[in-house]
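Here is a short briefing on the model shown below. It is arranged by topic, for reading alongside the coordinates.

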Amino acid sequence: MKGTGWWERPASCAIVLVLLAGLSLSATVTRDRLYAQEQTEAQVLYIPSGTALERAALSFDAALADVYWVRALQHYGGTKRAAGERRYDLLGPLLDITTSLDPRFNVAYRFGAIFLTEAYPNGPGRPDLAIALLEKGLAVMPDRWEYYMDIGFTYYWWLRDYEEAAAWFDRAADVPGASWWLRSLAATTLAAGGSHESSRRLWQQMYDSADNDWIRNESARRLTQLRALGDIDQLIGAAQEFHRDTGRPPRSWAELVDAGLLVGIPIDPTGRPYVIDFSSQTINLSPESELYPLPGESLPPPPPSP
Amino acid sequence: MFIGIGLVSKEVERRSIYSLLSKPVRRYELILGKYAGLVLTLALNIAVMTAALYLVHGYMSWIENEEFKRSWEAPATDPALLRAVFLTFVQLMLVTAVALFFSTFSRPSLAAVLTFGLYVVGHFNADLRNFEDVVDSQAAGIVARVVYHLLPNLAAFDVKAQVVHAQPVSLGYMALTSGYAVAYIGMLLLAAVFIFSRRDFK
């Protein structure tokens with residue numbers, strides 16, 4: 001039986017197809033826009049064990065490791081950009097799975113550790129997980145001096161444990177092929193750990209030896225943060241001088257300007273004015289600043305999910 | 001999926017399509033009828049499995065002590081499970097339409113490979129949405145986004161985790177996801193009807 005309906009004519013068929021495609025597209029775009037949170041909540045790990053996944057992946061474990069690495073990146077990037085409360089609960093497990101599937105996934109160890117250490121709200125603020133991840137990498141690749149250095153770095157910058165940091169820099173220096181400056185870095189850390197100058201030297205060396213743009217940019221950001229810390233030290237000095245001269249703490253930047261202690265409202269290296277808290281007499285970056293938060297001044301992360 | 005693959009292609013392979021088309025039935029009616037029949041079969045399967053699931057959950061709820069049950073994030077016989085069941089059913093309707101579409105112009109083995117491939121890709125499709133966040137190339141990001149909208153997004157139908165963890169699945173989300181499926185199924189069936197109507201079986 002020969003039909004002559006509109007569904008047999010290419011033109012009418014194409015029009016209806018385009019209409020249906022438009023409907024499907026608008027439904028998807030609306031859903032993604034309105035219910036992004038519900039989709040994020042779906043990011044639950046059905047198989048949290050990397051070892052179990054490795055068995056299940058058969059010979060595709062390296063390919064699956066790539067998939068999980070992309071997921072880890074999306075989880076980190078997506079959460080960092082999300083509005084409202086940010087939950088990085090899956091970052092640690094995703095990185096663990098990635099490195100279990102491909103134990104030699106160098107980028108996952110180094111970048112993953114950076115993501116994990118980043119203070120909340122820009123990251124989960126979990127240097128303990130970062131150290132565990134790097135130690136896992138060292139168990140497989142003990143010749144990777146960069147991992148020793150990264151652990152030392154985590155102790156130095158995030159945990160402020162300079163003795164432990166120096167010990168890890170020393171271990172890094174012991175690895176054949178390690179950078180020449182690690183030995184002196186270990187000594188400097190032990191002697192003057194925590195000083196802005198030693199921190200600046202550390203980040204400068206990180207910047208100079210970076211083998212990719214991301215680490216170079218991150219090092220440059222830390223160097224700028226150190227400049228801000230130096231500025232804050234000077235501002236505290238000016239405020240203390242004002243207190244000495246007048247017998248009371250300053251109530252505004254304008255008072256310090258009027259007293260000739262500052263030439264104008266102080267701004268950080270990104271152009272945002274510094275913030276002075278008159279109740280606690282502390283000076284800090286503006287929360288809107290790209291450099292915020294400074295090390296040790298992060299916001300408390302939300303409690304972990306039950 | 002595998003029944004859907006054979007819906008049309010097996011009729012052609014066995015040549016039973018000739019006797020079917022000699023009956024007073026239009027080609028589009030044949031396609032839509034086969035699709036409707038399979039969807040009804042799926043509905044029955046899902047209904048039976050849902051009933052069995054609730055029975056098992058009810059039994060578990062009955063035998064477990066209160067202290068253990070306090071660790072459950074949602075009650076065992078939570079009616080919200082039906083939302084996940086419904087979206088699973090809609091997802092199966094979409095996969096059946098994909099299988100039927102491929103079945104109208106390819107052999108069963110090829111249709112099976114294509115449908116299974118699309119099924120797997122459909123579950124990873126959501127990863128393409130924010131691909132531009134992880135690649136430097138803007139062009140690659142745009143291509144990934146186009147592919148995201150072009151391929152069926154099956155992950156969106158999977159709300160089992162939310163339901164099990166007592167997370168809300170709003171009616172708006174369900175309506176938009178179902179609307180998306182209806183439009184996508186419409187496209188696939190229309191394409192299937194168009195191809196099948198113009199196919200020469202001589």
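The model is predicted. Chain A has an average pLDDT of 81, and 86% of its residues score at least 70. Within chain A, H7(A) has the highest confidence, at 94, and H2(A) the lowest, at a mean of 50.

**Confidence at the chain end**
- Residues 298-306 of chain A stay under 50 in pLDDT.
- For that stretch the model has 16 contacts beyond four places in sequence.

**Overall make-up of chain A**
- Chain A holds 13 helices and 2 strands.
- Of its 306 residues, 32% count as buried.
- Take the contacts in chain A with a separation of 6 or more: 48% of them come from residues 24 or more positions apart.

**Nonpolar cores**
- The largest nonpolar core has 49 residues. The members that touch the most others are A:Trp69, A:Ala72, A:Leu91, A:Leu133, A:Leu134, A:Phe169 and A:Ala172.
- Helices of chain A that give two or more residues to this core include H4 (61-81), H5 (91-101), H6 (106-117) and H7 (127-140). Also on that list are H8 (145-159), H9 (162-174), H10 (181-192) and H11 (196-209).
- H8(A) gives the most, with 8 residues.
- Neighbours within four places in sequence aside, A:Leu133 is in contact with A:Leu95, A:Thr99, A:Tyr109, A:Gly112, A:Ala113 and A:Leu116.

**Interface between chains A and B**
- On chain A, 30 residues are in contact with 36 residues of chain B.
- H1 (10-34), H2 (36-41) and H4 of chain A each supply at least two residues of the chain A side.
- H1(A) provides the largest share of that side, 14 residues.
- By class, the chain A side has 16 nonpolar, 8 polar and 6 charged residues.

**Helix H12 of chain A**
- H12(A) covers residues 213-246, which is 34 residues. At 1.5 Å a residue it should span 50 Å, and its end C-alpha atoms are 49 Å apart, so the two values agree.
- Its buried residues are A:Arg222, A:Gln225, A:Leu226, A:Ala228, A:Ala239 and A:Phe242.
- An α-helix has 3.6 residues a turn, so residues three or four places apart point the same way.
- The cover over the buried residues of H12(A) includes H11 and H13 (253-258) of chain A.
- A:Gly247 follows H12(A) and has a positive phi, near 80°.

**Backbone features in chain A loops**
- A:Tyr120 and A:Pro121 are joined by a cis peptide bond, with omega about 15°. A:Pro121 sits in the loop between H6 and H7 of chain A.
- A:Arg160 is not a glycine, yet its phi is positive, about 55°. Its place is in the loop between H8 and H9 of chain A.
- Is A:Arg160 buried or partly exposed? A:Arg160 counts as partly exposed, because it has 13 C-beta neighbours inside 10 Å, while burial takes 20 or more.

**A loop residue in chain B**
- B:Gln167 lies in the loop between H8 (160-164) and H9 (171-198) of chain B.
- B:Gln167 has 17 other C-beta atoms within 10 Å, so it is partly exposed.
- B:Gln167 and B:Ala80 are 87 residues apart in sequence. In space they are 9.5 Å apart, C-alpha to C-alpha.

Conventions: Residues numbered from 1 in each chain as written. Chains lettered and ligands numbered in written order. Predicted model: local features only at pLDDT ≥ 70, side-chain atom pairs only at ≥ 80, totals over all residues. Helix = DSSP H or I, 4+ residues; strand = E, 2+ residues; numbered from the N terminus. Buried ≥ 20, exposed ≤ 12 C-beta atoms within 10 Å, placed from the backbone. Contact = placed C-beta atoms within 7 Å. Core = buried A, V, L, I, M, F, W, Y, C linked by C-beta atoms within 7 Å. Nonpolar A, V, L, I, M, F, W, Y, C, P; charged D, E, K, R; others polar. pLDDT = per-residue confidence, 0-100. Expected span 1.5 Å × (residues − 1).
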